[in-house]
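Good morning, and thank you for coming.

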Amino acid sequence: MNILIIDDDSSLRYMLSEICNHAGWDSKTAENGKQGVELFRKASFDLILVDYHMPEMDGLQTVKEIRKTHSSIPILVLTVDERQEIADQFLKEGATDFALKPVKAPDMISRIQLHVQLSNIKESQNQNDNVYSTKGISKGTLSYVEDYLKEQTDPTSVDEISKKVDLAYPTVYRYVMHLLEEGKVKQVVSHQKIGRPKKLYQWYTL
């Protein structure tokens, strides 16, 4: 994990770097917002720690500049100012969370871990949404078909599902094939007395 530390206090930059090192993370530091934004644009980071009061470019402007190019990276603001209006301003510009100074190592490590995990979950969800969109799959309709299949104790055909959920046969077929591909549904072949074997589908349970 790579952390960007932006703070004009050299002793705090050193301490935060040591905290990251202790946790097994890489870090880069910048002594003001302008330098921090330049670093951010040149490298890849998982999370940003930014001080509020800094020369040249303060924390608020720094958050604003970073959010112009990256909408989801976690940004934790370091401040001694507990005023609600300051917090509201930072949240409006896209800050993720706040850590009050003086910084405590256990608190900082847990906050970083939490926000990186949340960011990864969000990114994964966005990727899944993109996959659904590419395949023409609506999450709402998919959930509707899933719920019906989960309620059935016996295998059922696409035609039967289509009638019960009131969706067109081609639509249901596409969704059932998607669930089959994901391993959520299994195909059961029913051998008829007359005619070809019939393909039935059932929610996969271990």
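Strands E4 and E5 pair in the parallel sense, over 4 bridges. Two strands count as paired if DSSP finds at least two bridges between them. Within this pair, Val-77 stands opposite Phe-98 in E5. Please keep in mind that this is a predicted model: local features need pLDDT of at least 70, side-chain atom pairs count only at pLDDT 80 or more, and totals for chains, interfaces and linings use all residues. Residues are numbered from 1 along each chain as its sequence is written, and side-chain values use heavy atoms, with hydrogens and water left out.

The pair belongs to an open sheet of 5 strands, in the order E2-E1-E3-E4-E5, with parallel pairing. At its edges are strand E2 (26-30) and strand E5 (97-100), each of which pairs on one side only. Neighbouring strands of the sheet are turned by 20 degrees against each other on average, direction ignored. Helix H3 packs on this sheet and touches E1, E3 and E4; the direction of H3 makes about 155 degrees with that of E3. Such angles run from 0 to 180 degrees between N-to-C directions, with axes fitted to C-alpha atoms, for helices over the stretch in contact. Helices (H or I, at least four residues) and strands (E, at least two) are DSSP runs, numbered from the N terminus.

Which residues have the most contacts inside the largest nonpolar core? They are Ile-6, Ile-48, Val-50, Ile-66 and Phe-90, in a core of 22 residues. A nonpolar core is a set of buried Ala, Val, Leu, Ile, Met, Phe, Trp, Tyr and Cys residues joined through side-chain atoms within 4.5 Å. Buried means under 20% relative accessible area, exposed over 50%, and partly exposed in between (1.4 Å probe, protein chains only). Among the elements that each supply at least two residues of this core are strand E1 (2-6), strand E3 (47-51) and helix H3 (59-69). Apart from this core lies another, of 17 residues, including Leu-12 and Val-103.

Finally, two individual residues. Gln-202 is found in strand E7 (residues 198-203), and Gln-202 counts as buried because its relative accessibility is 17%. Glu-18, in helix H1 (residues 10-22), is partly exposed, with a relative accessible area of 37%. Between Glu-18 and Tyr-148 there are 54 Å in space, C-alpha to C-alpha, and the two are 130 residues apart in sequence.

Definitions and conventions: Contact = heavy atoms within 4.5 Å.
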